[in-house]
Amino acid sequence: MGAIVAIVGRPNVGKSTFFNRLIQRREAIVDAVSGVTRDRHYGKSDWNGKEFSIIDTGGYVVGSDDVFEKEIDRQVELAIEEADAIIFMVDVETGVTGMDEDVAKLLRRVKKPVFLAVNKVDNAKRAEDAVEFYSLGLGEFYTLSSINGGGTGELLDALVDKLPDVEEVESELPRFAVVGRPNAGKSSFINALIGEDRYIVTDIAGTTRDSIDTKYNRFGFEFNLVDTAGIRRKAKVKEDLEFYSVMRSVRAIEHCDVCILMLDATRGFDGQVENIFWLAQRNHKGIVILVNKWDLVDDKETNTIKHYTQKIKKAIEPFTDVPILFVSVLTKQRIFKAIETAVEVYNNRNKKIITRKFNETMLPIIENYPPPAYKGKFVKIKFCTQLPTPYPQFAFFCNLPQYVREPYKRYLENKIREEYDFSGVPITVFMRKK
């Protein structure tokens, strides 16, 4: 669980390039045309052992200058409200603009850490030009080049030093977050479970704007259910509500034990649902996938569920050991089975394996199929154990850990899953020097 960092600033200053560098994936589209980023991108990053979530606030397609500046102000205000720290990015090539000054005016009133990042500084002349950004009144600034990574280390050092230390809080009750795109049936699902209309449900996407806890205590189960605002790709409600929803949903995912990922069967497992899945996986949360509105799918045949399941598993490879249930919240079809499965996944996530028994099981498997030789060197694994972490992590001690490649680590993970039930739970395998 980590803090949330928002990157703000006017369009075309390099926010998306910097975001891609932090998450080490090309997720946000980068283009010289301003206003390309309309979606709310979010991802995980870490620096010096501290994890945090990054929100790329993006830009807007410019309608008129007045409207544009008004929307930027809204976006920055929401970033200020929800984030733990803010990176304000400006462009040394164009210098200080009126829009930069408007954003700076808002940030000067903030009591949260604000880091002024002067981007596109890739030579000594531009480093000298960056001095003009002192005029924004935000104190020290950090010069960097997001396209080649120059200077980002200094900014991240300062950033993580100011982020709050967020520890794993042992809650009395498990927390299950119901996540997914808007209008997938999340609120209806919780209403059906608790037997009352606790949440407003409409056909309009974006009705739920906050993440709200509900205590569930029925049929021998007791836990907290969290209904989250939907996370989606394209904004079809007001931009400020969209940004607000994403940040609250990201925080709900980070603070839960199990994510119940709900998708609309008529829309399928699209790119945005996949993004939410990988966000939960990167946060090491238990995951249950619910395909809702199954009663609305036409032309169902004997193998329809099988083919649909295969399609989802193809999209989430290599982490395919995830329960997939086909439900209908409207008819209450299999919704209690969904809760039973979520409880099982929670128990799997907290499972601890005795070291002696783990060695008795895994060492013969490794002996029958040892790691392949690398550069003429043979790897010998002598001992293994489960680490004392809140989610399943395993360490294998050997003579040459640097020569164990990813395919063999996946082989070990698959064997662990064959021997022990870790369905719905991400597993991390480490190789350590004995």
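Reader: At what angle do helix α6 and helix α10 pack, and how far apart are their axes?

Author: Happy to start there. Two packed helices are described by the angle between their axes and by the distance between those axes. In this predicted model, helix α6 (residues 186-194) and helix α10 (residues 335-349) pack at an angle of about 95 degrees, and their axes are 10 Å apart. That makes α6 roughly perpendicular to α10.

Reader: Which residues of α6 and α10 meet?

Author: From α6 come Phe 189, Ala 192 and Leu 193, and they meet Ile 335, Phe 336, Ala 338 and Ile 339 of α10. By class, this contact has seven nonpolar residues, no polar ones and no charged ones.

Reader: Let me step back to the whole protein. How many helices and strands are there?

Author: The protein has 12 helices and 15 strands. Of its 434 residues, 53% are buried. Among contacts with a separation of 6 or more, 70% are between residues 24 or more positions apart.

Reader: Which residues of helix α3 are buried, and where around the axis do they lie?

Author: In α3 (residues 98-107), the buried residues are Met 99, Asp 100, Val 103, Ala 104, Leu 106 and Leu 107. They cover an arc of only 155 degrees around the axis, so they sit on the same side of α3.

Reader: What do the buried residues of α11 pack against?

Author: Those buried residues are Phe 358, Asn 359, Met 362, Ile 365 and Ile 366. They pack against strands β13 (381-386) and β14 (393-398), and against helix α12 (406-419).

Reader: Now a single residue, please. Is Thr 152 buried or exposed?

Author: The way to tell is relative accessibility, with buried meaning under 20%. Thr 152 has 11%, so it counts as buried. Thr 152 belongs to helix α5 (residues 152-162). Setting aside neighbours within four places in sequence, Thr 152 is in contact with Phe 18, Arg 21 and Leu 144.

Reader: And how far apart are Asp 129 and Glu 93, in sequence and in space?

Author: They are 36 residues apart in sequence and 8.6 Å apart in space, C-alpha to C-alpha. Asp 129 is in helix α4 (residues 124-129). With a relative accessible area of 30%, Asp 129 is partly exposed.

Definitions and conventions
Residues numbered from 1 in each chain as written. Predicted model: local features only at pLDDT ≥ 70, side-chain atom pairs only at ≥ 80, totals over all residues. Heavy atoms only, no water. Buried < 20%, exposed > 50% of the residue type's maximum accessible area, 1.4 Å probe, protein only. Helix = DSSP H or I, 4+ residues; strand = E, 2+ residues; numbered from the N terminus. Arc of directions from axis to C-beta. Contact = heavy atoms within 4.5 Å. Axes fitted to C-alpha atoms, helices over the stretch in contact; angles between N-to-C directions. Parallel < 35°, antiparallel > 145°, perpendicular 65-115°, else oblique. Nonpolar A, V, L, I, M, F, W, Y, C, P; charged D, E, K, R; others polar.
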